[in-house]
Every structure is written in structure tokens, then in C-alpha cells.
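Dear colleague,

I am handing over the structure we spoke about, and you will find it just below. My notes on what turned up in it follow after that.

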Amino acid sequence: MPESIGKVKNRRFEDEGSAFGERHVQMFLLFFGLMVAFAMRVNLSVAIVAMTELPEYNWSEQTKSLVLSSFFWGYVLTQVPAGVLARKFGAKATILTGLSICSILNVLTPHCAKLGGWQLLCSARLLEGICQGVLYPSYHTLISAWVPPRERASLGTYAYVGAQFGTITMLASSGLLASMAGWSSIFYISGGVGCLWVAVYFRRGSSSPRVSRCISDEERQLIELTQASEVATKSEQPKESIPTPWLSFFTSPPFLALIATHCASTWGFWTLLTQIPSYMKNVLGKDIKANALLSALPYAVMLVLSFFFVWVSKILQRKDSITLSFSRKTFNSIGQFIPMILLVALGYVPRDQDILAVVLLSLTIGISAATNLGFMINHIDLSPNFAGVLMGISNCIANVMSIIGPLLVGVLVTDKHNANQWRLVFFIAAGFYLVGNGLFVLFGRANIQHWNDPRAKSTRRSSTPQLETQEKTEEA
């Protein structure tokens, strides 16, 4: 009888859907974690403007570019190892280690610049990139453990929009901080907030419901039962002991398609963020970097549209006729095909239509938020056991694209005032969107792959959580 009551409670909890639980607290913490991480990531791009006005930091454009890019060279290095470490030691440990060191380095950044010049500053930013490289693979590992399958898109998006919120906050406030308390205050405050978040997450964060001290038994059972209903056997649920099937990853068409669309998204996104300001200034005569609100506008649009897309996904989720694969591919197509069209249109905006250009730029970046419900969460669909490792692989390869992209622009655009040369850049980015999302639509999948647990015995997928509970009772 008590067991039956437990089942009814879990069913009620699942049907309510909106009931607030510990998993929501964990996603809330991840939101703020990514917020402070991105604030620390972008703070130098604003602070360096105030720094270079001082004689001791009168660096050349080449030196400034080297300083700003040093973070991303380190960021690429830890992507793949982070997924493996998160599975071995727990995502909480890797997240805390990465952000605690990064926060301390942020506080020390002004002293690095004063004592060691741009060379020591580069070294500090490189280390910060290495530390933040663990975040996305660790986040995926943690989301895979904490979030029921039907809530992955929504709760995963809530966690990841912290990136936009942190960027908006830093871009909007850093100029004011620099004018009131000096450029060094940007690093002291962002690093200090990071240290505060680390302390809070150390107390409340948890790698999984199984080890959480704050979760109710009812919610823990809900998460376990809904995850069990997705897989063929109990042994396929996330665990740390099974070997990593590296060869299967790189021979899997769904994962290779996921890498392709991830690369396309990163190429297009970073083309927009790093090159569009230069295009608008030199071709259209609109300097958006000089205006903090204009700089933050595309991220604000992205933040708002993220919540709109989550609302739409919940409506679609109520329709049983719409499959998870169709939902993932639809949102991914919205987040890549529409920006593809808008990006090409941006290259043909007349010089006197600068407002139209700002609108198109904001929409192009904003609508890409739909990919949070597309490829961004698809790693967990393919393999709950190796979601962090898969994210580490695809994010590593994709971020190489973010390094190559600006270099290619430097080769193609020899005259920054030539609109035709810029249009070639936009067409290449649009081509990446077309091919990347096209491969995802053709070969992408949203079901668990056989290599998720090579040792698991294949059973019928019609098994239900109730049957599993009965099996456990019989075994006991």
C-alpha cells in the first residue's frame, strides 16, 4: 500500500509539471553561475577601452587583439577533458573548481596588468579561459542528472540564458563603473560576485538528486522514474563506471550532424558579434560599440526570445502528435535558417538606414536563441551518460570555428569600407547555417543511441517505470 501511494504521488507531481522543486533551485543556481561567468568573460572587452586611454596601457591594435583572444585559446583546451572529469568527480566539483579559480584571477587582473603588462594579462586571461572551459560540459552532465526528459528544453534554456543576462549586465554597467571607480573596479566587482556565487553553490549545489541533501523523496523518485521510462534498461541510466566509447562517437551520424550544426551556429554567432560592429561602423557609419545600450540590445532581444521559445515549446509538448525529434529540428531551423536570411539582408542595408541595420542585427542574434531548444540540448537526448563528454567535443570543435572566423574575415576584407567584400563574409556565414542545419535535419536524432551504454542488454523500449519498480521489489 505505501508503495502504491508513492506511485500516485509521483504521478501527480509529474502531471502538475509546474510544481517547484529542488531541480528548479539547481537550475536557478546554474543560471547565476553562467551569468557571473560571462560577466567575467566579457568585462575586459569594455575595460580595455578605458585602460588604453592611459599612457601605461597605450597598446597597439595587434596587442589588444592578442589580449582579448587569449581567453578563447585557453577555453578550447579544457572542453573535452571537462566532460570526462565531470563524470568521474561530479559536475559540482568541476564547476566549483573552474569558477573559483576564475573569480580569483579576475580580482587579480588589475594587478597583473600593472605588474606584468600585457604579457602577464594575457597569461591570466588564458588561465581564466582554461577554467571556464569546464562549464558547458559540466552543465550538460548536471542537467542530464537533474532534469526529467520532458523538462530538458525549458529548464536547460533557463540555465543557459544566464550567459545573455551576464553579458547584458556587464555591458550596461561596466562603463558606469569605469567612470565612477576606475577600470579596475570592473574586475573587482565581477570577480567578487563570482566568489560569492561559489560560496553559495558550495553550500547548496549538488551533482545529482541521488547525493542531494535538500531534495524530497517524492521529487527524487519523479526524476528517476521519468529518466527510467526513457531508456531500455535500468543499467542505461547515468553512471560513472562504464567506459567511454570514443570510436562510437565519431562514427555516429546523429552526433556528427550535431557537431556540424554546432559549428555552423558558432561561426555565424561569432561572425555577428565580432565583425558586424566593424561593418556597421565602416560601411554604415553607425558605431554601436560607442553606445553601451546598443551593444547590449542584441543580447536583451536574445534573452526575451529565449523565454518566448520556451513558452512555444511547452505548447508543442502538449501535442502528442509532435515528436521530440521534430521539435528539436524545428527550433534549430528557426534559430539558424532565419538568422541566415537576415544576415544576408543585413549586407544590403543602405547607408542611411542605420536603424534598420540595428533591428536586423538584434533579430539575427536574438532569434538564434531558438537553438537552445534545438542542438544545444541534443547531446543529452543522444546519451545521458556521456552528455558532458559530447558537449565537450562539439564545443571544442565549434570554438575553433570562432577563432578561424575572424582570421578569414581579415583575409577577405582588405578594405573595411567595401560593402561587397563584407557581403562575401555574410554569404559564407549563411552557407555554414544552411549546411550545418541541413545535416542536422537529415541525420539528427533525439533518441538515446545504442552506445550510451555498450554493456546494456537490449530490451523492449515499451518498459514502464511501474514495471521497473515492481522488478526492484521482486529483487529485494
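With a relative accessibility of 2%, Glu219 counts as buried, because the cut-off for that word is under 20%. Please keep in mind that this is a predicted model.

Glu219 belongs to the buried residues of helix H10, among them also Arg220, Leu222 and Ile223.

The side chain of Glu219 meets that of Arg23 in a salt bridge, at 2.9 Å from N to O. This pair links distant parts of the chain, since Glu219 sits in H10 and Arg23 in helix H2 (residues 22-51), 196 residues apart. Arg23 counts as buried too, at 0% relative accessibility.

Asp381 pairs with Arg328, their closest N and O atoms being 2.6 Å apart; Asp381 lies in helix H16 (residues 378-382) and Arg328 in helix H14 (residues 324-346), so the pair ties together parts that are 53 residues apart in sequence. Asp381 is buried at 0% relative accessible area, and Arg328 is buried at 3%. Through shared partners, salt bridges also join Arg23, Glu151 and Glu219 into one network.

Arg125 forms a salt bridge with Glu128, with 3.3 Å between the closest N and O atoms, and both residues lie in helix H5 (residues 91-132), three residues or about one turn apart.

Best regards

Definitions and conventions
Residues are numbered from 1 along each chain as its sequence is written. This is a predicted model: local features need pLDDT of at least 70, side-chain atom pairs count only at pLDDT 80 or more; totals for chains, interfaces and linings use all residues. Side-chain values use heavy atoms; hydrogens and water are left out. Buried means under 20% relative accessible area, exposed over 50%, partly exposed in between (1.4 Å probe, protein chains only). Helices (H or I, at least four residues) and strands (E, at least two) are DSSP runs, numbered from the N terminus. A salt bridge is a side-chain nitrogen of Lys or Arg within 4 Å of a carboxyl oxygen of Asp or Glu.
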